[in-house]
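User: Hello! I am new to this structure and would like to learn how to read its features. Could you walk me through it?

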Amino acid sequence: MLYDPARHEPLNPLAWDDALVRATIDAIARDARARFSAEKLWPLHPKDFEPGDDMSQPALPMYYGAVGTIWALHYLQHVGAIARSQRYDETLTDVRTHLHAWLRQLPNDETASYLMGDTPVLLMQYEADPTPDLTEQLFELIARNIEHPARELMWGSPGTMLAALHLYERSHDARWRELFRRTAERLHSQLVWSDEVGCHYWTQDLYGRESVYLDAVHGFIATAFVLIRGRALLTSEEWERWEQIIIQTTQRTAVRESGHANWPPLLDQVRTTRPSLMQFCHGSPGFVVCLGRFPSSALDDLLIEAGEATWAAGPLKKGANLCHGTGGNGYAFLRLFERTQDERWLDRARAFAMHGIQQMRADEREYGQLRYSLWTGDPGFAIYLWDCLQAKARFPTLDVFFAGQPHAR
C-alpha cells in the first residue's frame with residue numbers, strides 16, 4: 001500500500017450540490033470579513049499554532065496568515081465568486097510592517113520569500129498600482145533571491161522565479177523574462193546527479209539542515225512546475241533539456257504498485273522506504289498538480305496512476321485545506337479532468353469538495369472559528385470550491401496570482 005490509511009477517512013458519499021457549494025463560499029467570505037480587525041487582523045487557528053507561538057498575535061505570511069487571506073478575499077471578489085465588498089489594500093501596508101518584524105527574528109534574510117516574505121505583498125500592491133518604485137523593489141527582491149540556498153518554492157529562487165513569471169504575464173516587460181531565465185540557468189547549474197537513483201536533484205538548505213525533497217512545496221517537482229509553466233520564456237533547446245530532466249527524475253523516483261503510484265518526500269527514501277503521505281505537499285496529489293500541464297504524453301500513465309492512488313486513499317483526516325487536506329488532493333482530480341476531459345475526474349473532485357464542506361463545518365464546531373489561511377485554511381478551500389463549480393484547475397498563487405492574469409497553458 002502506497003499510503004497510510006490512518007491518515008485518511010472514508011469518503012462521505014454526498015451528491016454534488018451546486019447551491020450548497022455557493023452558499024459555503026459565501027459563508028467563508030462573510031465570516032472572514034466579520035472576524036477581521038484592523039489591529040489583530042484574523043485570529044490564529046489552533047491548527048496553525050507552533051510551540052512557542054503567541055496565540056494573541058496574528059499569523060502574517062501568504063502561506064498561512066493575513067496576506068493569504070487578503071489575497072483570497074480579493075481574488076474571490078474579482079472572479080465573481082463573492083459579492084464585491086470590503087477590500088484590504090490599505091491594511092497591506094501595516095501587515096508588511098509587522099511581517100518585517102517577524103522576518104527579522106529569523107536567522108537569515110528571508111524578505112524575498114514567495115510564500116512567507118515581502119514578495120507577495122509587493123505583488124498585491126503592484127496589481128493595485130504598478131508604480132516604478134514597486135517595480136524596482138520587486139526586481140531587487142527577485143534578483144537577490146537567485147542565490148538562495150533553499151532551491152525550493154516557499155523560500156528559495158523557484159518561488160521568486162514564479163513571481164517573475166506572474167509579473168511578465170501581467171506586464172510583458174522583458175526584465176521579468178530575463179529574471180526568469182537567469183534563475184532557471186542558475187538552477188540548472190546547481191543540479192546534482194544521483195548514481196543510486198539515476199536522476200538529477202537539488203539540495204535544499206532549509207530549517208537548519210540540508211535535505212533533498214521531491215515534493216510540491218519544498219522539492220524537485222515544485223521547481224519543475226515553475227519551469228513547465230514558464231517554458232514559453234525559454235528557448236526550445238533550453239526547454240528540451242529541462243523536459244528530459246523532469247521526465248527522468250519523475251519516473252525514477254516513482255513507486256508503483258497495482259495501477260497506483262506515489263512518491264516519498266525525500267530522495268534518499270526512494271529505495272529504502274515505502275511512501276506513506278498522500279497529500280499535496282508530500283505525495284501524488286502535488287505531483288499531479290505540478291505535472292498536469294506537462295506538454296508531452298511521456299508522464300501520462302504515471303499521472304493517471306497517481307490520481308487513482310489519491311482517490312483510493314480517500315479524504316485526509318487533516319481537514320479541507322489545500323496544503324495537506326482534502327481540497328489540495330481534490331485539485332489533482334481537477335488537473336486530470338483538465339488534461340483528459342474524462343468526467344470521472346471532475347466527479348471525484350466534486351465528491352472531495354462535498355466531503356471537505358463537512359470537514360470544515362466539523363472543525364468550526366470543534367474550535368469555534370474558521371481557519372483564516374490561504375494554504376492551510378478555509379479561504380483557500382473556498383477557492384477550490386469555486387474551481388469545482390467552474391470545472392477548472394487554477395491552484396491559488398501557483399496557476400494564478402493576479403486575478404486578471406491570463407490563464408497560462
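**Reading the spaces and the packing**

Analyst: Let us begin with the second largest cavity, whose lining has seven nonpolar, three polar and two charged residues. Here Ala, Val, Leu, Ile, Met, Phe, Trp, Tyr, Cys and Pro count as nonpolar, Asp, Glu, Lys and Arg as charged, and the others, Gly among them, as polar. The model is predicted, so local features need pLDDT of at least 70 and side-chain atom pairs count only at pLDDT 80 or more, while totals for chains, interfaces and linings use all residues. Residues are numbered from 1 along each chain as its sequence is written, and side-chain values use heavy atoms, with hydrogens and water left out.

User: What volume does the second largest cavity have, and which residues line it?

Analyst: Rolling a probe the size of a water molecule over the atoms shows where empty space is left. On a 1 Å grid over the protein atoms alone, a cavity is a set of points where a 1.4 Å probe fits but cannot get out, a pocket is an open set with protein on both sides within 12 Å along at least five of seven lines, and lining residues have an atom within 4 Å of a point. The second largest cavity has a volume of about 70 Å³, and its lining includes Trp42, His45, Tyr64 and Arg371.

User: How many cavities does a search of the whole structure find?

Analyst: The search finds four cavities of 30 Å³ or more. The largest cavity has a volume of about 110 Å³, and among the residues nearest its centre are Met360 and Asp378.

User: And how much space lies in the largest pocket?

Analyst: About 1300 Å³ lies there. It is lined by 48 residues, with Glu50, Pro61, Tyr64, Trp102 and Met116 the closest to its centre. Helix α3 gives the most to this lining, six residues.

User: At what angle do α3 and α4 pack?

Analyst: Two packed helices are described by the angle between their axes and the distance between the axes. Helix α3 (residues 89-103) and helix α4 (residues 119-128) pack at about 160°, with axes 10 Å apart. That makes α3 roughly antiparallel to α4, a term for angles over 145 degrees. Their contact (heavy atoms within 4.5 Å) involves residues including Leu92 and Arg96 of α3 and Leu122 and Gln125 of α4. By class, the residues of this contact are six nonpolar, two polar and two charged.

Terms used. Axes fitted to C-alpha atoms, helices over the stretch in contact; angles between N-to-C directions. Helix = DSSP H or I, 4+ residues; strand = E, 2+ residues; numbered from the N terminus. Parallel < 35°, antiparallel > 145°, perpendicular 65-115°, else oblique. Points joined across faces, edges and corners; volume = space filled by probe spheres on them.
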